[in-house]
Amino acid sequence: MNRIRSDTTGISCGVSEGSILGSLLFLIYLNDMTTAVKCKLLLYADDPALLVSGKDVSEIEETPSLDLESVSVSQTDNNLSLYLGKTECILFASKRTMHTFNYFNVVCNGHVIESKTGVTYLGVTLDQSLSGDAMASRDVSKSSKKLRYFNT
């Protein structure tokens, strides 16, 4: 080995990746999100989900927007940042009701959260009507690929 060392530098916050302290601090910060939101919050590992129900679309758009802003402020107060690049939103409704909506916007810090017709959460594929069609299509596609491997 050449015994070459990198220069040292000071850090103002953070912990080493993979450390026990890092996991504990992450859980403390993540569990603190419950105080920042009014809607239902699902917490599983590093995949939090906000759930809002109602009959008025403008209310359903406004609530997660306000809650995301609140979470963003809370995260900033804890020297963390909210990454919106992978954040998605979906509006669940019956197929008949979905035809009456032209758009659905959730906004946080001026960033429009992409509205999807289907999302995957914790390995479960959900479509807007909760019909299960998207999940079934995905599973059929996967199983047909496996069959091709066995048949060749």
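A nonpolar core is a set of buried Ala, Val, Leu, Ile, Met, Phe, Trp, Tyr and Cys residues joined through side-chain atoms within 4.5 Å. In this predicted model, the largest such core has 12 residues in all. The protein chain has a mean pLDDT of 81, and 90% of its residues reach 70 or more.

**The largest nonpolar core**

- The members of this core are Val 57, Ile 60, Leu 68, Leu 84, Cys 89, Leu 91, Ala 93, Met 98, Phe 104, Val 106, Cys 108 and Ile 113.
- Two or more of these residues come from each of the elements α2 (57–77) and β4 (106–108).
- Helix α2 provides the largest share, with 3 residues.
- Apart from this core lies another one of 6 residues, including Met 33, Val 37, Leu 41 and Val 71.

**Contacts of Ile 60**

- When residues up to four places away in sequence are not counted, Ile 60 touches Val 52, Ser 53, Gly 54, Lys 55, Leu 91 and Phe 104.
- Of these partners, Leu 91 and Phe 104 belong, like Ile 60, to the largest nonpolar core.

- Strand β6 (residues 118–121) pairs with strand β7 (residues 124–127) in the antiparallel sense, over 4 bridges.
- Within this pairing, Gly 118 stands opposite Asp 127 in β7.
- The two strands, β6 and β7, form a hairpin with 2 residues between them.
- In the turn, Leu 122 has a positive phi of about 55°.

**Confidence by element**

- Among the elements of the protein chain, β4 has the highest mean pLDDT, 91.
- The lowest mean pLDDT among the elements, 67, belongs to helix α4 (residues 133–151).

Note on methods
Residues are numbered from 1 along each chain as its sequence is written. This is a predicted model: local features need pLDDT of at least 70, side-chain atom pairs count only at pLDDT 80 or more; totals for chains, interfaces and linings use all residues. Side-chain values use heavy atoms; hydrogens and water are left out. Buried means under 20% relative accessible area, exposed over 50%, partly exposed in between (1.4 Å probe, protein chains only). Contact means heavy atoms within 4.5 Å. pLDDT is the predictor's confidence in each residue, from 0 to 100. Two strands pair if DSSP finds at least two bridges between them.
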